[in-house]
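Here's a quick briefing to read alongside the model. Keep the sequence and the 3D view open as you go.

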Amino acid sequence: RIGEIPTFISNFCLGLSLRKSALQFVHIIASPDRFKKNLYPISSLSPHASCSRNVATLQPERPLVLSKSSITFPLCHAMNNLSQNVELEWRRANIPASYLSSCGGPPIMACIAPHRCRSIAVASPLGLCVLDAWRGNNKWKRFDKAEENQFRVLAMEWWEDSNDEEDFLIAIIELVATSHRFLAGWARRRLDLSHQLLEHIDDYALSTSIWGIPLPSTFYPNSISILTSSPIEKLQNNNNRNEKDQSESRKAVVLVTDTGNTLEPSLLIFQLQTQSLIGKSEDRERDARTMVIKCSLALHGGLSSDQENIFLANAFFRFNLLDTHQSPKTLSVNESD
């Protein structure tokens, strides 16, 4: 200060942009010889990856900053080959304007592959789009416009690979026209209906669909969580396998919950296992996929009415969905007071 007159002013406030008709953060810096105004869009730190119907659900922390037109995410670089240290860099990518304009406006949810952070999914009121950030490429993948306007995302999570292989997006979707809900899966590099990867192996799903595994009509999921086998479990499973294609498969357990129904909250648990289609003898001329994810319903049941949150803490991965001679087992649970 010079006397009582401040020589520098910094003020942070909310302001309304008349041109964009939206609230923004405004940072004003003023000095006797300089005046500067910076505008920042209002963003959400660690956004939800589910539509919870105003129900308080347990959500993992996500290293994401989601605004109405962009996503900010971490990018990790290895310092050198001899050290496990990494360098963290934050990057910002604009969500395709054509997707936002055709799918109902600003995004409402987002998720990121939690360890390598190379796969990001963003969903507006309709459809979804995926950012492939592997090695800084930052390439967006979208459905065809006619496809993405047919469904909305209720919940989604990434099934991440620990190596340099593909990440899979596992999502609960709802068709706009019929309100039918499905468990679906796509690879981050192939986003269209012809590359939906989930296939059921049991009688739970009575009909097949290009959208994925049908869910019960009375089941309205508001969260999804995924638990994958650890490297030690993979090694143990590989030692117990006799078939070559089994040793290359990946396994996961998926929990889907409906805690929005306070009278009868319920859950579904699915077992997933990948299977390569390369070199298979069966007729695949009309199938554009090189891999499928076999899916089996492992458990279904109800929860007590005061159960608000549920999550996977551990799972048993010594199942084999590729063995056609092994009958899958479905368990049921019904907790009560």
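Arginine 250 lies in the loop between helix H4 (244-247) and strand E18 (251-258); helices (H or I, at least four residues) and strands (E, at least two) are DSSP runs, numbered from the N terminus. This is a predicted model, where local features need pLDDT of at least 70 and side-chain atom pairs count only at pLDDT 80 or more, while totals for chains, interfaces and linings use all residues. Residues are numbered from 1 along each chain as its sequence is written, and side-chain values use heavy atoms, with hydrogens and water left out.

**More on arginine 250**

- Why does arginine 250 count as buried? Because its relative accessibility is 7%, and buried means under 20% relative accessible area, with exposed over 50% and partly exposed in between (1.4 Å probe, protein chains only).
- The charged end of arginine 250 sits over the ring of tryptophan 159, 5.2 Å from the ring's centre. To count as sitting over a ring, NZ of Lys or CZ of Arg must be within 6 Å of the ring centre and within 35 degrees of the ring normal.
- A polar atom of the arginine 250 side chain lies 2.7 Å from the backbone oxygen of glutamate 166.
- Leaving out residues up to four places away in sequence, arginine 250 touches several residues, including Trp159, Glu166 and Phe168; contact means heavy atoms within 4.5 Å.

**Another charge over a ring**

- Lysine 251 has its charged end over the ring of phenylalanine 319, 5.1 Å from the centre of that ring.

**Aromatic pairs**

- How many aromatic pairs does the structure hold? There are six; rings of Phe, Tyr and Trp (its six-membered ring) pair if their centres lie within 6.5 Å, and planes under 30 degrees apart count as stacked, over 60 as edge-to-face and the rest as tilted.
- Phenylalanine 143 and phenylalanine 151 make an edge-to-face pair, 5.2 Å centre to centre with 75° between the planes, and both residues are buried.
- Ring pairs also link Phe143, Phe151, Trp186 and Trp211 into a cluster.

**Strands and a hairpin**

- Four strands make an open, antiparallel sheet in the order E12-E13-E14-E16; two strands pair if DSSP finds at least two bridges between them.
- Strands E12 (151-159) and E16 (213-214) are the edges, each pairing on one side only.
- Eight bridges join E12 and strand E13 (residues 168-175) in the antiparallel sense, and tryptophan 158 stands opposite leucine 169 in E13.
- In the hairpin of E10 and E11, six residues lie between the strands, and arginine 135 takes a positive phi near 60°.

Key: A polar contact is a pair of N or O atoms within 3.5 Å; within protein, one must be able to donate a hydrogen and the other to accept it, and residues adjacent in sequence count only if both atoms are side-chain atoms.
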